[in-house]
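I opened the model today to look up its ligand contacts and its helix packing. My notes follow in the order I made them.

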Amino acid sequence: MAESVPKLTVGETLRSIGRILAGRPHVPPALAGNELLRIILDRRSLRRFASRPLGEDVFSAILEAGRLAPSTVNLQSWTFMSFTAESWQSTFGRAIPFEAQRGVIVCGDAHRYRAALETFPRSPLVEYTIAVTNASLAAMNMSIAAEALGVASVMLSETGRSGLLDVGYLKEELHLPEGVFPLMTIVFGYPGTAPPPMPPKLPLDEICFADGKYHETDPDVLREWMAQMTAGYKAMRPLSSFDSQLAIYESKIGQAEEDLTEMVFGRGANEAE
Ligand SMILES: Cc1cc2nc3c(=O)[nH]c(=O)nc-3n(C[C@H](O)[C@H](O)[C@H](O)COP(=O)(O)O)c2cc1C
């Protein structure tokens, strides 16, 4: 049975933080010098950006990496709503998160290809899933391209009416047609701080199976993971906690579920049996 977030003693907190700090990517020494691999493995979500402006050429290269991402049947089922700090402020009446220089709201888009391709089978859930998959790949391409150009980023689902949990609000605000749904915001900027330590990542042998069978995760590994998540949150955000982060999700997820159900399955879907 799933357990709740653990309450840690000071000793347990310190031990967990020690383990986070000791976490490193595992790469065979012969491959450690590969530049792209290093960029992928060293990428960290950053939540403090410098005031140094991001040039138009740099930002358009990041968007280009999104445009060229792979997609199912090359459907390119995504839309990027792009913002400067100023246009974010004027659109949403609030500051861009973390004083970033640029933001992109990445949307799944099962609307555009319809105008060109009537014959793609209609299936709201499959089309939604395809669009989510493709748009997420584009998002990751942008994030990695940014990293390669020395630009940091963080993807957001809940910060200040800008992500997946704000679907209803964003649909209105951004005039999104039927079949277009916001998935996440990515904000970009030059790093305003050193990268944080690698957050606790599950060991490869708990998430990758080579014997053709799924295996339940070792409960001790799960407990250790949650202990590190709890301790790591406290260390990074002393005024917040992993618990309060989960509470934000709990408070917003019901409305988001309703809004998304309506977006994917159409008006009235929430009333259906
Ligand atoms: C789709 C998505 C949504 C996320 N939403 C948030 C968010 O709302 N707020 C936040 O601070 N971080 C958010 N993150 C960043 C994650 O917390 C972060 O990726 C995770 O802790 C792992 O850290 P890393 O990116 O440094 O490996 C999000 C990441 C993804 C992929």
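Entry 1, the ligand. I started with S45, which has a polar side-chain atom 2.5 Å from an oxygen atom of the ligand. I count a polar contact as a pair of N or O atoms within 3.5 Å; within protein, one must be able to donate a hydrogen and the other to accept it, and residues adjacent in sequence count only if both atoms are side-chain atoms. R43 also places a polar side-chain atom by a ligand oxygen atom, at 2.9 Å. For M155 I noted a backbone N or O atom, 2.9 Å from a nitrogen atom of the ligand.

The model is predicted, with local features needing pLDDT of at least 70 and side-chain atom pairs pLDDT 80 or more, while totals for chains, interfaces and linings use all residues. Residues are numbered from 1 along each chain as its sequence is written, and side-chain values use heavy atoms, without hydrogens and water.

Helices are DSSP runs (H or I, at least four residues), numbered from the N terminus. I found α2 (residues 35-42) packed on α6 (residues 124-148) at about 110°, with the axes 10 Å apart. Axes are lines fitted to C-alpha atoms over the stretch in contact, and angles run from 0 to 180 degrees between N-to-C directions. The two helices are therefore roughly perpendicular, a term for 65 to 115 degrees. In α2, L36, I39, I40 and D42 meet I144, E147 and A148 of α6, contact meaning heavy atoms within 4.5 Å. I sorted these residues into five nonpolar, no polar and two charged. Nonpolar covers Ala, Val, Leu, Ile, Met, Phe, Trp, Tyr, Cys and Pro, charged covers Asp, Glu, Lys and Arg, and polar covers the others, Gly among them.

I asked at what angle the axes of α6 and α10 cross. They cross at roughly 110° and come within 9 Å, α10 being residues 242-265. That makes α6 roughly perpendicular to α10. P124, L125 and Y128 of α6 touch L260, V264 and F265 of α10. By class I noted six nonpolar, no polar and no charged residues.

Key
Parallel < 35°, antiparallel > 145°, perpendicular 65-115°, else oblique.
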